[in-house]
Amino acid sequence: MKNLKQIIAAGVIGTTALNAQVKDHQLDVMNQLATPSHVSVMPVSQLLNAPGNEALRDFFFTPVKDKTVLKGKKIAVLAADGFEEIELTGPVWYFRELGAQVDIVAPKYNPAPARYGLSSPEMAQTHIMAIQYLQPVGWIKFDKTADQIKVSDYDAVFIPGGAWNPDNLRYDKDVIKFIKDFNKSGKLIAAICHAPVVLASAEILKGRKLTGYWNIQSDLKNAGGIVSDQPVVVDANIITSRHPIDVADFSKAVESWLAKK
């Protein structure tokens, strides 16, 4: 007959083996639920040096001669996590080169509920994440949050694209109210790539001529917009564009609109 120590030892060994089986099962399930992490690198240099993008490359590499064209103009960039990198950094660089004051404005930090099982880096409270065609590539610091700005603060607002960024923006009440009020003022609203869907959520597209990324053109039509497949469309105070490769045309259109004012 086994003594007490033998019984306890057998129980501990059995429990350990059982725990190991449970952990193995959990690990197996986790491996099936999670996808492998393989992040490709797509630096901006690859975009600028790609065949067919010579005009885009020249736009950025040709020095700006008159750096006072937009002096005194104030531009707000509405962006959230998942913005297309070059669609924000490109126009921001250009407008600042022309003398404009440019503020990057993000929705007020709102972490996901604990039950979602997500975690955010501490820098998410002061930065937003950039992507290149659905690949996270970096972070940029924002200057203000959407609940801190007024229409009277700015001469123009522009929204970069990125598949995730517009979805994050169109859910934010402060962003949508700001867009609606900005449109009533007659001031310039510019949006590129997927960003025009934010204007759809603000219900300001009915009867307006515009363009956008090919995947959202049907959404823009459903919102009452008159959609065409052109690099840039200007309709009164709304300028829209389609794609990262159209950044130069988009930026020049915004420059032209503001310079005339």
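Start at the second largest pocket, which has a volume of about 150 Å³. A pocket here is an open set of points on a 1 Å grid over the protein atoms alone, where a 1.4 Å probe fits and protein lies on both sides within 12 Å along at least five of seven lines; lining residues have an atom within 4 Å of a point. Grid points are joined across faces, edges and corners, and the volume is the space filled by probe spheres set on them.

Now select F59, T62, P63, V64, K65, D66, V69, Y94, L98, K252 and E255: they line this second pocket. Colour them by class and you get six nonpolar, one polar and four charged residues. Nonpolar covers Ala, Val, Leu, Ile, Met, Phe, Trp, Tyr, Cys and Pro, charged covers Asp, Glu, Lys and Arg, and the others, Gly among them, are polar.

A quick word on what you're looking at. This is a predicted model, where local features need pLDDT of at least 70, side-chain atom pairs count only at pLDDT 80 or more, and totals for chains, interfaces and linings use all residues. Residues are numbered from 1 along each chain as its sequence is written, and side-chain values use heavy atoms, leaving out hydrogens and water.

Next, select helix α3, residues 54-61. Helices are DSSP runs of H or I with at least four residues, strands are runs of E with at least two, and both are numbered from the N terminus. Which residues of α3 are buried? L56, F59 and F60 are, buried meaning under 20% relative accessible area and exposed over 50%, with a 1.4 Å probe and protein chains only. They sit on the same side of α3 because they cover an arc of only 90° around the axis, taken from the directions from the helix axis to the C-beta atoms.

Now jump to the largest pocket, with about 860 Å³ of space. Of its 27 lining residues, pick D81, N110, P111, A112 and N168, which lie nearest its centre. Then show β4 (127-132) and α5 (165-170), the elements that give two or more residues to this lining. The largest share, three residues, comes from β4.

Finally, zoom out: the chain has nine helices and twelve strands, and buried residues make up 43% of its 261 residues.
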